[in-house]
Structure formats: C-alpha cells, structure tokens
Amino acid sequence: MSNPTYTARPSETAEGALAELALDLRWSWNHSADAIWERLEPDLWDATHNPWVVLQTVSEEKLRALTGDADFRKLVDELVRERRDAEQCAGWFQETHRGACLRMIAYFSMEFMLSEALPIYSGGLGNVAGDQMKAASNLSVPVVGVGLLYQQGYFRQEIDAEGRQQALYPFNDPLHLPIRPVRDRKGEWVRVRLERPGFVVWVRAWQVQVGRARIYLLDTNDPANLPSHRGITGELYGGDAELRLKQELVLGTAGWRLTQALGLEPEVCHLNEGHAAFAVLERARSYMVEHHQPFELALAVTRAGNLFTTHTPVEAGFDRFSPGLMQKYLKNYAETKLEIPFESLMALGRSNPGDASEPFNMAYLALRGSGAANGVSRLHGEVSRRIFQVLFPRWPQAEVPVTHITNGVHMPTWDSAAADGLWERACGKQRWSSTMEGNEENLRRVSDAELWHLRTEALKSLIQYVRKWLQRLLASYGAPEERIAQAGRILDSNTLTIGFARRFATYKRPNLLLHDPERLLRILTNPQRPVQLILAGKAHPQDAAGQAMIQQWIRFIRRPDVRPHAIFLSDYDMLMAERLVQGIDVWVNTPRRPWEASGTSGMKVLVNGGLNLSELDGWWAEAYTPDVGWALGDGKEHGDDPAWDAAEANALYDLLEREVVPAFYSRDERGIPTGWVARMRESMARLTSAFSSNRVVREYTEKCYLPAAAAYCARAADRSQAGAELLRWQQELAKHWPKLRFGSVTREPQGEQTLFRAQVYLDDLDPDAVRVELYADGRDGAEPVRMPMNRGDRLVGSANGFLYTAQVPANRPWTDFTPRVVPFKDGASVPLEAPFILWWDGN
C-alpha cells in the first residue's frame with residue numbers, strides 16, 4: 001500500500017527548491033549545503049543551524065537577489081539534483097539483499113537527536129537513534145522512525161553567579177521546526193485516537209524527512225484534548241511517573257496505530273529501550289483484529305518480528321509503574337482490547353507474576369515481547385545478561401538471551417568540513433554509503449603533514465568558536481566592553497586542549513580530574529608544556545549531586561589563576577557538541593565501569609583526528625590498544641569505592657604528565673609531533689569505520705532485521721499455522737515440565753573419552769519437544785559447551801522414559817559436564833520463549 005503522508009511537492013522555483021532542501025535533514029550531514037544558509041542569514045545560521053528558520057526569516061528582497069545570482073542558483077540546483085538522485089538510486093540494502101521479505105522496520109524511540117534545529121533529545125539514547133536513522137538513509141535500509149514531538153523538549157541550561165545550574169524550558173514552535181503535518185489523501189491532518197475509560201486523547205502526527213528515511217513524531221497538543229492531555233508530550237523526561245506512563249502509551253500504542261493508519265505494515269518493530277514496549281501489546285492487538293486470533297497466538301506470531309535494544313547498565317534504570325497506575329490506564333485495555341485478564345498483562349512486566357504488589361517493569365515487557373534482544377557494547381551485553389537473569393532462573397548467565405551490537409556514530413554528521421574533505425580525498429565520496437571497504441588502507445596513506453594540518457586548523461576553529469561564544473554570553477549579561485574584549489583572547493591555538501563534555505552524573509565521575517585541584521592546576525600552567533581544558537554538560541534538574549559537581553567545576557574555573565586555562569561552556573547541545581568533537585585534541589571519559597553502557601561522545605572525535613583517554617568501559621573496552629589512545633582502569637569493577645576513585649584520579653594525572661602531554665609537545669624539525677600523529681592515523685584508520693553507525697545499521701540488518709522479518713513471516717503464514725504450533729508447544733511444556741525428572745546417570749571411561757548415560761522421564765511430553773544435552777561453562781571468555789545427547793530406546797516399563805548417551809572428549813575433564821533438559825523447537829528462541837530448564841542434581 002502506498003504511503004498517504006505529506007510530501008512537499010518539488011518546485012522548480014528557487015524558493016521551492018530551497019524549501020525542499022530545508023525540510024530534508026540530509027543537510028545536517030551535507031557540508032556543501034552550509035554555504036547556502038550562511039549566505040541567506042549568516043548570523044542566524046551561526047546561532048541556530050536551522051535552515052527552515054533561516055528561510056522563513058530572510059527578507060524577500062535578499063532572497064530574490066540571491067536566487068538571481070547564477071552561482072548561488074547553480075549550487076541550489078546541484079544540491080536538489082543530488083538529493084533526488086540519492087532518493088532514486090539503489091543503495092547497499094537493495095544491492096545486497098534484493099528479494100528479502102523485509103520491506104520495512106519501524107524504529108521506536110523516546111528521543112531522536114538529528115539536529116539542533118529539532119531539539120527533541122536529551123543525550124545518548126537520542127544520539128544513537130538519530131545517527132542510526134541517518135545511516136539507514138545512507139544505506140537505503142527501509143526504516144521509519146516513531147517518536148514524540150515535545151513542546152519544550154529537554155531543558156536549556158544557564159549558570160548563575162553562584163555557579164549553580166538553572167533550568168529553562170523554551171517552547172518548540174512547530175512553525176520553526178523542519179517538520180510537516182502528516183496528511184491523508186484528502187489533505188486532512190492524520191490523527192490517532194487513544195481511548196481510555198471516560199475520555200479520548202487525540203494524537204497528531206508530524207513528519208521529519210531524513211534523507212531516504214522518515215520519522216513520524218506524535219503530539220498531543222491538539223485543541224480537541226483536555227488541557228491536561230495536551231501537555232502529555234510537553235517535556236522530555238520531566239514530570240512524575242503518571243506523566244511518563246502516559247507518554248509511553250502515546251509512543252507505543254498510538255505509535256503502532258499510526259503505522260497501521262499510514263499503511264506501512266512493518267515486519268520488524270525495533271524498540272530502542274523499554275519506553276516503547278507498549279507497541280508490543282498494540283501490535284499483537286492489531287494482529288488479533290486483522291486475523292481474528294486470540295491475544296496469546298497474536299503475541300506468539302508478532303513477537304518474532306520485535307527487537308529490543310537495552311541501553312541501561314543498572315537494573316534501577318528501567319521504568320516501573322505501580323499496579324494502581326497500571327490499573328488506571330491499562331485494565332480496560334487488557335480486558336476489552338486484548339481480551340485477557342489484567343493480571344495476565346501485569347505478568348508480562350513482572351519477575352514474579354504471582355506477586356500482586358510488584359511494579360510493572362517496561363524492560364521486562366520489551367524482552368518478553370521480543371524475539372531477540374541486545375545490549376549496546378560487548379561489556380554491556382554481559383551486564384545486561386546479569387540484569388535479566390532474574391527472568392531465567394537456573395539458566396547460566398552466559399545463556400540469558402541478550403546479545404550485543406556495539407553502538408557507533410554517524411561520521412558525516414560529526415566530521416568538520418575540513419575532515420570531510422580529507423576523508424573524501426583519501427577514501428572517496430561514497431565512503432560511508434556501503435561496506436566501507438578500503439577506508440582503513442586508504443586513510444593510512446595520508447601524510448603526517450596533512451593530518452597535523454587538520455588538527456591545528458581544527459583547534460584554531462574551536463578556539464574562535466569558544467571566544468565568540470563567551471563574548472556573546474558576556475554581552476547578554478551587560479558585561480563591560482573591556483571584559484568582552486578580553487574574552488576574545490582566551491585560550492591558545494598552540495596549546496594541548498583536553499575536552500570533557502557529557503551529562504553530569506555521579507557514575508560518570510566528571511570531577512575525577514578535580515580530585516587534586518592543585519595538581520591539575522600545575523598540569524594546566526606548566527610554562528613549557530601548558531594544557532587547556534574545555535568542559536560542558538548538564539545535570540538532570542532533579543539530580544542535586546550532578547548539579548553540585550557542575551558548581552564545583554565553576555568555582556575552580558573562576559579562580560584567577562585557573563581562568564586563562566579552562567572554561568565551562570553552558571547549555572551543552574548538539575551544535576556545541578559538533579564544534580567540540582571537531583576541535584578537541586584529547587577527549588576524556590571517566591565513568592565507573594561498567595556503568596557506561598556504550599558511550600558515543602568519544603567516537604565522534606575519531607573522524608576528526610582527536611584521541612581518546614578513557615576508562616576501559618563501554619565501547620573503549622573494545623577499541624583500546626596503546627597505539628590508538630590511552631586507557632584508565634584495570635578492566636575490573638570497583639563500585640563506588642572512594643579509595644579506587646582516588647587511585648584512578650592519580651593514575652589520570654600520571655597519564656597526562658608522563659605520556660599525553662610529552663607526546664603532544666615532542667616535535668620533529670618540521671614542528672610535527674610524529675608520535676602523536678602516528679596515534680591519530682591509527683585511531684582514524686582502524687576505529688572510525690569500526691565505530692560508525694554504518695557498521696551498526698548493517699549489523700542490525702543482517703543479524704536482527706532480516707532474521708526477525710523471516711521469522712515473523714513464517715509464523716504468520718498459512719493463517720498463523722507456525723505460530724499456533726509454537727503456542728501449543730509452549731502450553732505443553734508448561735503443563736508437563738514440573739513432572740520431568742532424571743533417573744540414573746552414569747559415567748564410564750572409554751579410552752580418552754568418557755561415556756555419559758542418562759535416564760530421563762518426560763511425563764507425557766513429546767520427546768522431540770526437548771533436547772537432552774551435556775553442558776560445561778566456557779573457559780577464558782569462550783562460549784559454553786553444549787553437547788547434544790543421543791536418544792536411545794524407551795526404558796523398559798516406563799511410559800515416556802528414554803536413555804540418552806554422549807561421549808565427552810579428553811580436552812575437558814568429565815567433571816566439567818552436567819546433563820540437563822532444555823526446550824527445543826525449530827524456529828523458537830530458547831530460553832526467551834521457553835525459560836524452562838532441568839538439571840541433573842548429581843544424585
């Protein structure tokens with residue numbers, strides 16, 4: 001079915017062409033478009049980087065003059081032609097996976113970081129979502145995003161005279177955002193109904209064009225709604241638990257209904273965190289209605305097409321809702337729409353379904369409602385298996401069904417124009433649009449001089465930005481002209497510049513560098529080898545500890561002896577982040593392992609030649625080797641031990657004093673720090689492609705999306721026959737599992753092998769519904785060993801008992817192996833869809 005959405009009709013007029021470009025966020029990673037908006041309104045462009053605002057603000061006289069300029073019109077026409085060609089040509093997905101049953105993925109996320117022109121994000125989660133949508137566009141992967149349009153978004157930050165953070169909430173005027181209402185074929189605004197007992201919430205839909213991809217944003221600020229309902233999508237991560245529940249109902253329930261209203265019919269639903277887990281229920285409900293099936297069967301079918309990505313490194317980070325709140329908003333939905341008892345719905349979000357007092361955990365619903373789940377780094381996959389083990393009692397942690405796909409960032413978004421040019425000369429224009437083959441080898445050929453020139457010019461540009469930012473801030477406060485003039489001379493473009501910019505939270509330890517202020521000051525003020533520091537970041541308005549750490553930094557930086565060497569940039573946002581990652585020499589990250597699920601800020605410096613000095617956590621635990629940067633920590637977990645924090649602070653100072661600073665200032669006869677540049681080259685060549693969202697989206701496509709689509713199509717085929725068989729299998733397992741038992745188990749040496757014999761009694765369960773196997777834990781980080789046992793003859797006199805045998809090779813002691821019984825069915829995900837397990841107890 002065609003998509004009845006709003007599309008801006010391409011216009012051959014210059015004004016129409018500019019509108020076409022401004023409403024496609026492809027400009028957010030296309031540096032060649034910057035010149036257009038800068039010529040139209042240079043100051044406004046510099047302040048907002050919002051082409052749509054620029055286009056609406058520029059005077060008609062200036063617009064006519066510029067569009068009459070042949071060179072300007074030529075550039076506009078080239079960009080429009082490039083945009084349309086990119087939409088029409090076959091990309092990586094069509095060329096590689098032609099004929100796959102995957103037509104569409106619906107990607108649900110509470111936030112999307114696409115551009116500062118659309119401030120509906122907070123941080124890492126939105127960063128990942130936005131960058132993956134952009135990479136999907138580059139690779140032509142058929143993804144649509146579903147999110148929320150916040151009237152205020154996340155808060156804006158000011159620092160007062162006492163160094164305290166102040167939170168501001170400016171209004172997001174839709175007229176000034178690069179979005180359009182979604183309209184049906186009749187031209188009417190597409191709205192979705194959310195019915196609750198006694199009232200209806202109307203949800204409006206907006207469209208964001210992101211190259212080939214689209215994102216649909218949901219908004220409850222509809223005049224037909226009650227005032228309390230209009231504010232549901234008012235603020236990102238604000239309000240109480242009830243507001244969060246209503247937001248997540250809009251995201252998941254209304255979001256899935258919107259995909260159906262638009263005729264999108266995605267085979268795969270990707271839940272970017274548990275916020276969107278109500279889409280699991282609504283997708284099953286839609287299947288119930290369309291195919292006249294009960295909820296249990298609908299869930300068994302649709303689950304196969306759902307993917308859950310968790311970003312949470314601590315169990316306390318999951319959204320939970322009280323039974324009373326859930327009853328208020330979902331009891332009627334469960335009983336009248338899903339046609340199941342309310343307690344059955346609650347069981348999907350509890351570790352102990354029988355505990356009526358246990359809150360409803362959205363991550364549990366997301367996991368139980370999906371056919372696959374993943375963390376966002378290798379270490380985070382391990383942490384997630386530990387967190388979710390409570391749902392799979394007696395299963396080894398290594399077999400808890402959460403894998404990992406390590407995050408990456410969209411390199412064309414975060415590179416500077418100069419870095420973009422260097423990469424294009426070395427690797428070609430299409431370097432991020434396919435498999436990236438050859439990027440590493442080609443980048444290694446870039447000379448020391450060219451790499452060092454990139455870094456020195458990038459630092460100059462950053463310092464100019466910081467000076468201008470500070471002058472603008474001081475002018476807004478009414479500061480004296482002399483002080484404003486002094487701000488134009490802060491920092492030095494020949495000095496090693498360290499950056500730290502992220503959310504201020506205790507687990508991120510943003511004040512580790514401040515553990516010994518005087519030692520830090522000595523590092524900054526070394527007359528032969530000076531260092532300068534640029535910091536930025538927000539603390540959640542309800543995080544008093546995080547705000548106190550900001551205040552501590554501000555007080556340190558305002559000391560007269562520190563002020564020339566360090567600055568804190570308030571109101572950290574995407575536009576500021578771009579400038580920082582493009583110019584910083586060394587990016588510092590100091591989280592407590594393993595609480596940084598992945599981290600992406602340090603990935604953004606890679607393409608620009610910046611280096612990382614980071615805790616061995618998240619992505620850096622995979623990326624680090626001594627020739628690409630510096631590492632902090634011993635690769636172990638130490639909790640919040642103050643003694644360990646002190647030890648790591650001293651280790652950080654040692655690294656700076658003994659390795660980082662000397663490497664930067666050790667120059668050859670040309671003035672190039674050859675050892676530093678060698679690290680730059682290795683980091684850029686080896687890590688940039690490996691930690692790009694191009695690699696991430698291709699990995700999701702081939703490891704998750706394609707298998708999920710195939711599994712969903714298989715279960716839905718022939719009037720849900722495979723889904724019905726799976727449900728019967730699950731029901732039989734639940735009925736008979738309590739009566740399964742082991743009989744005699746013997747072990748007999750046979751040369752260099754050991755023969756295991758195990759008697760297993762299966763009650764009335766089909767022997768093909770289970771697998772009996774020998775299990776041994778993996779060694780040195782390897783996968784566990786699972787050795788199937790062969791089923792022999794039925795045991796004499798037994799109703800359904802069998803002898804199972806297997807031989808253990810000599811490379812492992814036989815004492816490492818234990819017989820067990822686990823569910824088995826082709827096409828089923830075990831233990832995700834059948835968490836039963838029976839171990840031989842050794843008696």
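Visitor: In what order do the four strands of the open sheet come?

Guide: The general idea: strands of a sheet pair through backbone hydrogen bonds, either parallel or antiparallel. In this predicted model, the order is 24-23-27-28, with antiparallel pairing.

Visitor: Which strands stand at the edges?

Guide: Strand 24 (785–788) and strand 28 (838–839). Each has a single partner strand, so one side of each has no neighbour in the sheet.

Visitor: And how many bridges join strand 23 to strand 27?

Guide: Six, linking residues 770–776 with residues 818–823 in an antiparallel run.

Visitor: Where does helix 27 bend?

Guide: At L656, by about 40°. Check the start of helix 27 as well: there a side-chain oxygen of D641 comes to within 3.0 Å of the backbone nitrogen of A643.

Visitor: Now a single residue. Is D219 buried or exposed?

Guide: Here under 20% relative accessible area counts as buried. D219 has 2%, so it is buried. You'll find D219 in strand 8 (residues 213–219).

Visitor: What does the side chain of D219 reach?

Guide: The backbone nitrogen of N221, at 2.8 Å. A polar contact of 2.6 Å also joins the side chains of D219 and R204. Leaving out residues up to four places away in sequence, D219 touches several others, including L149, W202, W206 and T233.

Note on methods. Residues numbered from 1 in each chain as written. Predicted model: local features only at pLDDT ≥ 70, side-chain atom pairs only at ≥ 80, totals over all residues. Heavy atoms only, no water. Helix = DSSP H or I, 4+ residues; strand = E, 2+ residues; numbered from the N terminus. Buried < 20%, exposed > 50% of the residue type's maximum accessible area, 1.4 Å probe, protein only. Polar contact = N/O pair within 3.5 Å; in protein donor to acceptor, adjacent residues only side chain to side chain. Contact = heavy atoms within 4.5 Å. Pairing = 2+ DSSP bridges. Bend = angle between axes of the 7 residues up to and from the residue.
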